Amino acid sequence: MSKPFDLSERIVLVTGAGGGLGKHIARCFAEAGAMVVVNDLREEAAATVSSELLAEGFKALAVAADITSEEAVDALFTAVENAVGPIDTVIANATGKQISEPIENLEWDYFQSMVDFFIKSPYLLSRRALPNMKAAGFGRIINIASEVFAEGANWSTAYTAAKGGQIGFTRSLSTEVSASGITVNAVAPGFIPVERHSHLPKEVFDGYLATVPAGKFGSPADIGWAAVFLASSEAGFITGETIHVNGGRTPK
């Protein structure tokens, strides 16, 4: 009998895995035994993470691609299929630069960039992955969302709106593909400090921490293992859900 969360037969794509949360999500899947496709727009970043995993005895493959481009997504999947086989698990994690400003200071181009990362990208990834998933009678699609939609974050209209759309996409697609043995879920992190937050002043960290009932910050691995659980066979009857991983901040 296999151990819980044994993903040793799986091929898992993690987008935006060249750093931040994505890097840690990729590591959790590698530790669960999966072949991890490390995707990032930055070729060097994807190669570095993949090399680190390979050096530790894990299975990994680096494929750089712009996951907001239909042509690039198709080329990514084709490259993986030719190298190791069809992708059966998609983790849509990639994000662009996030701006915290009043709406009067935001141009539509920024709104569009958020839509591209959090709605267009999951759409392109899912549409390309689904034929193979349906043929196999199995698949997992996990979108990395955010707590901001549930809380209505201040000075975050573009990001929050796009994340809300991502959650709506998750819910609707889950009902569409459930009968094919495919689950579609979302993990919604709270503020999980990673390297891109290092410039923030101490009062930002202290202010957020004061609102966390658990009394501590979560770690990137908390997000990674939540995604691993949803990808596992043990979670096969869970679909259309958004799991908040934020130390209890969501209930109000």
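This is a predicted model: local features need pLDDT of at least 70, side-chain atom pairs count only at pLDDT 80 or more; totals for chains, interfaces and linings use all residues.
I started with how much of the chain is covered: buried residues make up 49% of its 252 residues.

**Overall build.** Next I looked up the secondary structure, and the chain has eight helices and seven strands. For the dimensions, I get a C-alpha trace that spans about 45 × 40 × 35 Å along its principal axes. Does the radius of gyration sit near or far from that of a compact globule? For 252 residues a compact globule would come out near 18 Å, and the chain has 17 Å, so the two agree.

**Strand β2.** Which way do its residues point? Met 35, Val 37 and Asn 39 point one way, while Val 36, Val 38 and Asp 40 point the other way.

**Neighbours of β2.** I then checked what β2 pairs with. Strand β1, residues 11-14, runs parallel to β2 and pairs with it over four bridges. Within that pairing, Val 12 has Val 36 as its bridge partner in β2. Strand β3, residues 59-64, also pairs with β2 in the parallel sense, over six bridges. Two of the partners I noted in β3 are Lys 59 for Met 35 and Ala 62 for Val 38.

**Crossovers.** How does the chain get from one of these strands to the next? From β1 to β2 there is helix α1, residues 20-31, and the three make a right-handed β-α-β unit. From β2 the chain crosses through helix α2, residues 43-55, to β3, and this β-α-β crossover is right-handed too.

**Ala 32.** I looked up Ala 32 in the loop between α1 and β2. Is Ala 32 buried or exposed? Its relative accessible area is 6%, and the cut-off for buried is under 20%, so Ala 32 counts as buried.

**Ile 144.** Ile 144 belongs to strand β5, residues 139-144. Ile 144 is at 3% relative accessibility, so I put it down as buried. Between Ile 144 and Arg 27 I find 117 residues in sequence and 16 Å in space, C-alpha to C-alpha.

**Cavities.** How many cavities of 30 Å³ or more turn up? The count is one. About 40 Å³ of space lies in the largest cavity. I listed its lining as Gly 190, Phe 191, Ile 192, Tyr 208, Val 212, Lys 216, Phe 217, Gly 218 and Asn 246. By class, that lining has five nonpolar, three polar and one charged residues.

Definitions and conventions: Residues are numbered from 1 along each chain as its sequence is written. Side-chain values use heavy atoms; hydrogens and water are left out. On a 1 Å grid over the protein atoms alone, a cavity is a set of points where a 1.4 Å probe fits but cannot get out, and a pocket is an open set with protein on both sides within 12 Å along at least five of seven lines; lining residues have an atom within 4 Å of a point. Grid points are joined across faces, edges and corners, and a volume is the space filled by probe spheres set on the points. Ala, Val, Leu, Ile, Met, Phe, Trp, Tyr, Cys and Pro count as nonpolar, Asp, Glu, Lys and Arg as charged, and the others, Gly among them, as polar. Buried means under 20% relative accessible area, exposed over 50%, partly exposed in between (1.4 Å probe, protein chains only). Two strands pair if DSSP finds at least two bridges between them. A crossover is right-handed if, with the strands pointing away from the viewer, the path from the first strand over the helix to the second runs clockwise. The radius of gyration is taken over C-alpha atoms; the globule rule is 2.2 Å times the number of residues to the power 0.38.
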